[in-house]
Amino acid sequence: GLLPDPPRSENGFRRYEESHVIRLMFIRRARGLGFTLDEVRDLLRLVDGGHYTCAQVQGLALRHVDDIQRKIEDLRRMEQALKEMANQCSGDNVPKCPIVEILSSGAN
């Protein structure tokens, strides 16, 4: 639903025009920056309406930056928790592992 259906030739083949390629590149770049499909859809609604302002697009982009920053913070907390668990493990060839015990108990 992000890309309009291209017209078909007489033999039934789809004919993609330059506008389809530009839109596909827009979608691909936005996805590459981590925008969700819903966020891409919101951006395209603004663009398709033709009555968007830079402030509206900036607002969507800054909300996405906030989401990214929250994810980074979550990843850092996960990294720290995993490091702490790994530090409790000797790494030896023993049948018991503190990491498994921590994961099984739900403690961190």
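Predicted model: local features only at pLDDT ≥ 70, side-chain atom pairs only at ≥ 80, totals over all residues.

Residues are numbered from 1 along each chain as its sequence is written, and side-chain values use heavy atoms, with hydrogens and water left out.

Now the numbers. Helix α1 covers residues 18-32, helix α2 residues 37-49. They pack at about 140°, axes 10 Å apart. Axes are lines fitted to C-alpha atoms over the stretch in contact, with angles from 0 to 180 degrees between N-to-C directions. Helices are DSSP runs (H or I, at least four residues), numbered from the N terminus.

Who makes the contact (heavy atoms within 4.5 Å)? From α1: Arg23, Phe26, Ile27, Ala30 and Arg31. From α2: Leu37, Val40, Leu43, Leu44, Val47 and Asp48. By class, that is eight nonpolar, three charged and no polar residues.

Next, the single residues. Val21 sits in helix α1. Val21 is partly exposed, at 44% relative accessible area; buried is under 20%, exposed over 50%, partly exposed in between, with a 1.4 Å probe and protein chains only. Its C-alpha atom is 32 Å from that of Ile72, 51 residues apart along the chain.

Val94 lies in the loop between α3 (54-87) and α4 (98-105). Val94 is also partly exposed, at 47%. The C-alpha atoms of Val94 and Pro6 are 62 Å apart, with 88 residues of separation along the chain.

Definitions and conventions:
Helix = DSSP H or I, 4+ residues; strand = E, 2+ residues; numbered from the N terminus. Contact = heavy atoms within 4.5 Å. Nonpolar A, V, L, I, M, F, W, Y, C, P; charged D, E, K, R; others polar.
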